[in-house]
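Hi,

Here is the structure I promised to pass on. Have a look at it first, and then read my notes below.

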Amino acid sequence: MSKLLEVAKLAGVSKATVSRVINNSDAVSPQAKQKVLEAMETLKFQSHNLKRAPESSSMLGVVLPFGKHIWSHSFGIDILAGAEEKAFDHDYMILIGNSNGGRETALTANMTSRGVEGLIVQSAERGQAEHLRYVQSLGVPLVLVDQKVEGLQSHLVRGDNFSGAVTLMTHLFEHGHTRIGLVSPNKHFTYKERMKGYRFALLDRGIWMPESYEALGGDESLAAQLNRMLMQNEPPTALFVASTGMLREIIDVLGEHNLRVPEHISIVTFDEHYSIVPEGYQEFFTSINQSGKLMGSMAVELLFQQLRNPAMEPQEIVLPGRFTERRSVRRL
């Protein structure tokens, strides 16, 4: 451990703060400066020795799959905002990378080569973990957000997707719905947890749904699967939609069948406030909403804990979502 890091750890501040104190910078609070000076005295380190020690880059990397366009109000932006606020409180800066287009591996490699002291990654590389294992092998603290990566032991901050799904299903049950269709991407840890919650809630109530009540993507188009679901003798009275990104197409298909929400069919979903929904459906859907800002903030806190204790065991922080009842569910 470098002398700079020893002082920072004892004082409970960042290495950047220690560096500023020994270089007589004004950008340090009197309280932080006093803690650093007391730590230096305890460790019997002199300023001139610390100045020769390698300094912190005071920089963290954040890699997120924003897509081709970065929307001002999105889950990714909120993760970034929460991470930046927490990092700023510790005198750190954020280096941001958009992993859209398969750039995640290159971004993690470039950021570690530039000396970031920790990485936060919302991984979009399903089934691929070698680039993240390489980050860990370098001793760079790593925290995953939102998505668990199969086969990788890592710190993780995510939403409670399973319990959120059960909450939404319970809301539908309480409004008299028992024929509930599932619409979800059949990929990613997040969606699989939501699907598990949907199925558990049905099983817990002793309700069986045929496969024809599930539209999970794949080779067949979502529209084709929805059309078949809606044309059954007993079509669903409600839809559990695991991804708000599917709402626009769902509303279009419902319109082709002259079905309106919630008059003819009810809908519950996740993170409605982060989605670009069809015209006239803003603040409309009953949903479980996660806080991207809290997720980003907690991820940075986990990075700093690793910097203070590199040997700490991987932690998984599961954040509960907030249930928001709006107008998309009708009582039968």
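**What I found**

Strand S6 (180-183), helix H10 (222-230), strand S8 (238-241) and strand S9 (266-270) are among what covers the buried residues of H11. Helices (H or I, at least four residues) and strands (E, at least two) are DSSP runs, numbered from the N terminus. Buried means under 20% relative accessible area (1.4 Å probe, protein chains only).

Please keep in mind that this is a predicted model, with local features needing pLDDT of at least 70, side-chain atom pairs counting only at pLDDT 80 or more, and totals for chains, interfaces and linings using all residues. Residues are numbered from 1 along each chain as its sequence is written, and side-chain values use heavy atoms, with hydrogens and water left out.

Back to H11, which spans residues 247-256: its buried residues are Leu247, Ile250, Ile251, Val253 and Leu254. Seen down the helix axis, they fall within an arc of 165 degrees (taken from the directions from the axis to the C-beta atoms), so they line one face of H11. After H11 comes Asn258, with a positive phi near 55 degrees.

Now the sheet. Six strands make an open, parallel sheet, ordered S2-S1-S3-S4-S5-S11; two strands pair if DSSP finds at least two bridges between them. Strand S2 (93-98) and strand S11 (316-319) are the edges, each pairing on one side only. From one strand to the next, the twist averages 15 degrees. (Axes are lines fitted to C-alpha atoms, for helices over the stretch in contact, and angles run from 0 to 180 degrees between N-to-C directions.)

Within the sheet, S3 (residues 119-121) and S4 (residues 142-145) run parallel and are joined by three bridges; Leu119 has Leu142 as its bridge partner in S4. Helix H7 (residues 130-137) lies across both strands, at about 145 degrees to S4. Helix H12 (residues 292-308) also packs on the sheet, touching S1 (59-64), S3, S4, S5 (155-159) and S11.

Which residues have the most contacts inside the largest nonpolar core? They are Leu60, Val62, Leu64, Ile94, Ile120, Val145 and Val157, in a core of 25 residues. Such a core is a set of buried Ala, Val, Leu, Ile, Met, Phe, Trp, Tyr and Cys residues joined through side-chain atoms within 4.5 Å. H12 gives the most to this core, with seven residues. A second, separate core has 23 residues, including Ile180, Tyr191, Met209 and Phe240.

Best wishes

Technical notes: Buried < 20%, exposed > 50% of the residue type's maximum accessible area, 1.4 Å probe, protein only. Contact = heavy atoms within 4.5 Å.
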